Amino acid sequence: MIAPKASLPSPAYLAATTFTPELAASGGPSSARELGEALAEIIHAEIALLVSRGVRLVQLNNPLLIGQVATDPAAPGALSFEDALAVDALAVRLEERPEGVRIGVCPGWEAPAAVDRARTERLCGGIPADRWILPYDKGTDAELDLVKALPEDRDACLGVVDATVSALEDIDTLMARIDAAAEVKDLEDMAVSPSRGFADTATRPLLSAENQRRKLVLVETVARYCWGNDF
């Protein structure tokens, strides 16, 4: 039996896209951080409810955590990097986690041009997620740096192909990227997926059934190589 899985939006994402100065002027939260914390409590309650109903795999998507957190914390509606960490950590926490419950976080659908290693290590270590779903379909140094920044006790799920384009990746090139990841992370601790989280594909052309099948076959080939594709 496959364990039920659910996906929730990140409270940090909601905070940064919902907060406005007008909200504060009307007597609402005085900062994006305060609004984020309030939304984190809502997300936390939703996670707890899902878990109580038998859901065992939960994924949160937060495009802010990689490269999109505002550099100026004073900007209206902006979350600092530290705010984003605190908000997501608040949402993901579970005081008593039943056996088999796992929480994954997708920090972004595309790696930035460069990764601040120390900052990213703090990101991964500060949020009690079991698995990080990372972009890994471009072959950039930044993508590999994200894998390197994961704590030893966290699993990784690598989005190894772009599921929104019809072009089929070269299997040898893809395997070379997997081998590079294997030098810094045990393959048995990694899973693979055909996408980098749940990216918005509404504006992109739909793939034909045949192209979708070919993408899945490619991912299956890599999954058999990695052995860890259980989430």
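Mentor: Helices and strands are DSSP runs, numbered from the N terminus. On that basis, Asn62 lies in the loop between strand E2 (57-61) and helix H4 (81-92). Please bear in mind that this is a predicted model.

Trainee: How many helices and strands are there in the protein chain, and what pattern does the chain follow along the sequence?

Mentor: The protein chain has 8 helices and 6 strands. Read along the sequence, they give the pattern β-α-α-α-β-α-β-α-β-α-β-α-β-α. Residues 24 or more positions apart supply 82% of the contacts with a separation of 6 or more.

Trainee: Is Asn62 buried or exposed?

Mentor: A residue counts as buried under 20% relative accessible area. Asn62 has a relative accessible area of 1%, so Asn62 is buried. The C-alpha atom of Asn62 is 9.2 Å from that of Ala84, and the two residues are 22 apart along the chain.

Trainee: Which residues of the largest nonpolar core touch the most other members?

Mentor: In soluble globular proteins, nonpolar side chains tend to be buried together. Here the largest nonpolar core contains 46 residues, and Trp132, Leu158 and Ile178 touch the most other members. Leaving aside neighbours within four places in sequence, Ile178 is in contact with Tyr136, Leu158, Val160, Leu187, Val192, Val222, Tyr225 and Cys226. For the protein chain of 231 residues, 45% count as buried.

Trainee: What lies over the face of Tyr136, and how many aromatic pairs does a search of the whole structure find?

Mentor: Arg177 lies over the face of Tyr136, at 6.0 Å from the ring centre. The search of the whole structure finds 0 aromatic pairs.

Trainee: Finally, which residues of helix H6 are buried, and what covers them?

Mentor: Helix H6 spans residues 141-148, and its buried residues are Ala142, Glu143, Leu144, Leu146 and Val147. Their cover includes helix H5 (117-126), strand E4 (131-135), strand E5 (155-159) and helix H7 (171-182).

Key. Residues numbered from 1 in each chain as written. Predicted model: local features only at pLDDT ≥ 70, side-chain atom pairs only at ≥ 80, totals over all residues. Heavy atoms only, no water. Buried < 20%, exposed > 50% of the residue type's maximum accessible area, 1.4 Å probe, protein only. Helix = DSSP H or I, 4+ residues; strand = E, 2+ residues; numbered from the N terminus. Contact = heavy atoms within 4.5 Å. Phe/Tyr/Trp six-rings, centres within 6.5 Å; stacked < 30°, edge-to-face > 60°. Lys NZ or Arg CZ within 6 Å of the ring centre and 35° of its normal. Core = buried A, V, L, I, M, F, W, Y, C linked by side-chain atoms within 4.5 Å.
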